[in-house]
Amino acid sequence: MNAYRITLPAAYGLDDVGQMRDSLQLQLDKLVRLGYPCTYEMYEENERTIFRCQLHTHNKGELRFRYGLGLALADYILSYKAHAIIRSLIQKQFQYAHPEETDEIEAHVHLLLRERERKQKEKGVRLTYEDRVARGVAHFLAAHQQVAVDGFLHFRMKSYRRSLERVVEKAIEDYMLDQEYKEFIQLLRYFVQIQESKMPLVHVLHVGQRRFRLLDREGSPVQVEVEGSPSSDLMEQVHSHEDLVVSTLLTMAPAHVILHSRHLEENVIRTLVQIFEGRIVVCEGCSDCTASLYLKGDA
């Protein structure tokens with residue numbers, strides 16, 4: 001009956017020991033229910049915490065037992081240790097991040113990781129990263145009978161760290177772009193607030209295909225020349241029909257805006273709602289809104 005050892009350095013601390021113990025206990029309980037009697041003992045030796053795990057059968061279930069130990073280590077790494085790895089990568093790549101920024105970026109990292117896992121499942125990838133780690137640990141234990149967690153992380157999971165580095169890099173890039181977008185929205189919102197309103201009310205009809213029609217309160221089309229206006233300087237240059245609509249509304253700075261749309265998830269809709277916060281009402285179902293779905297004219 002082989003005994004296998006999983007070891008943690010003393011530097012990892014009590015929280016790490018507790019998490020490793022919980023992950024190990026969970027997997028061993030599952031193995032016992034499946035008919036593989038096994039136990040573990042925990043002790044200190046040479047400034048390391050040792051988990052000595054043993055299967056109490058004669059040459060039966062060794063493969064399954066090693067795989068169970070691999071799952072325990074994979075759970076500890078991916079569910080707990082990944083948090084510290086991700087935060088260290090964020091601090092390395094974004095050295096001046098405040099704690100709140102680090103928290104926000106880390107949350108986005110986890111969102112990106114879940115999205116990647118979802119896409120892999122859609123592509124039919126059956127072997128999860130947890131399973132790959134578990135198999136790697138099981139193979140290592142078969143040859144060495146013990147695994148040092150810190151060494152395994154440093155030498156055997158380099159591809160995992162590189163993968164996390166790429167995700168962290170993408171999360172930081174997204175965060176910076178989002179901050180720039182928020183600052184830009186704040187600038188446009190301030191511009192609207194200090195502008196003298198040129199119209200009491202404007203209806204913005206979302207007609208689909210990223211097209212809009214602007215109507216005054218009598219229902220007549222609104223046409224405003226925005227070239228050379230202060231808003232055109234803010235927008236730098238008009239790239240699309242959406243930009244033209246935003247620039248036109250900035251120039252008019254209407255006292256009230258009624259936005260008729262059934263596609264509130266589109267970026268330009270969210271932008272308008274943020275810029276004209278406090279003076280915009282969103283309508284999802286009136287007759288004007290229904291009719292606008294079939295209108296093909298330009299603003």
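Biologist: Which residue in β6 stands opposite V202?

Modeller: V202 stands opposite D216 in β6. The model is predicted, so local features need pLDDT of at least 70 and side-chain atom pairs count only at pLDDT 80 or more, whereas totals for chains, interfaces and linings use all residues. Residues are numbered from 1 along each chain as its sequence is written, and side-chain values use heavy atoms, with hydrogens and water left out.

Biologist: How many bridges join β5 to β6, and how many join β5 to β7?

Modeller: Two strands pair if DSSP finds at least two bridges between them. Strand β5 (residues 201-208) is joined to β6 (residues 211-216) by six bridges, and these two run antiparallel. With β7 (residues 256-260), strand β5 runs parallel and is joined by five bridges; L201 stands opposite H256 in β7.

Biologist: Are the residues of β5 buried or exposed?

Modeller: Relative accessible area decides this: buried means under 20%, exposed over 50%, and partly exposed in between (1.4 Å probe, protein chains only). Eight of the eight residues of β5 are buried, so the strand is largely enclosed by the rest of the structure.

Biologist: What is the strand order in the open sheet of four strands, and which strands stand at its edges?

Modeller: The order is β2-β3-β1-β4, with mixed pairing. Strands β2 (38-45) and β4 (146-148) stand at the edges; each has a single partner strand, so one side of each is left without a neighbour in the sheet. Neighbouring strands of this sheet are turned by 15° against each other on average, direction ignored. For such angles, axes are lines fitted to C-alpha atoms, for helices over the stretch in contact, and values run from 0 to 180 degrees between N-to-C directions. Strand β2 pairs with β3 (residues 48-55) in the antiparallel sense over eight bridges, and Y40 stands opposite C53 in β3.

Biologist: Which strands does helix α1 lie across, and which does α5 lie across?

Modeller: Contact here means heavy atoms within 4.5 Å. Helix α1 (residues 13-33) lies across β1 (3-9), β2 and β3, and runs at about 165° to β2. Helix α5 (residues 149-156) lies across β1, β3 and β4, at about 75° to β4.

Biologist: What is found in the loop between β2 and β3, and in the loop between α4 and β4?

Modeller: Most residues other than glycine have a negative phi, and most peptide bonds are trans. In the loop between β2 and β3, one finds N46, whose phi is near 50°, a positive value in a residue other than glycine. N46 counts as exposed, at 69% relative accessibility. Q145 lies in the loop between α4 and β4 and has a positive phi of about 65°, although it is not a glycine. Q145 is partly exposed, with a relative accessible area of 32%.

Biologist: How many disulfides are there?

Modeller: A disulfide is a pair of cysteine sulfur atoms within 2.5 Å. By this rule the count is zero. C38 is in no disulfide, and the nearest cysteine sulfur, that of C53, is 8.3 Å away. C38 is buried, at 9% relative accessible area, and C283 also counts as buried, at 16%.

Biologist: How many aromatic pairs are there?

Modeller: Rings of Phe, Tyr and Trp (its six-membered ring) pair if their centres lie within 6.5 Å; planes under 30 degrees apart count as stacked, over 60 as edge-to-face and the rest as tilted. The count comes to six aromatic pairs. One of them is the tilted pair of Y129 and Y160, at 5.1 Å centre to centre and 35° between the planes. Y129 lies in helix α4 (residues 129-144) and Y160 in helix α6 (residues 158-194), so the pair ties together parts that are 31 residues apart in sequence. Y129 is partly exposed, at 25% relative accessible area, whereas Y160 counts as buried, at 7%. The rings of F140 and F152 have centres 6.3 Å apart and planes at 75°, so that pair is edge-to-face. F140 in helix α4 and F152 in helix α5 are 12 residues apart; F140 counts as buried at 17%, as does F152 at 6%.

Biologist: Where does pLDDT stay under 50?

Modeller: pLDDT is the predictor's confidence in each residue, from 0 to 100. The protein averages 85, and 87% of the residues score at least 70. Values stay under 50 over residues 292-299, for which the model has 16 contacts beyond four places in sequence. Where pLDDT is low, the predicted coordinates should not be read in detail.
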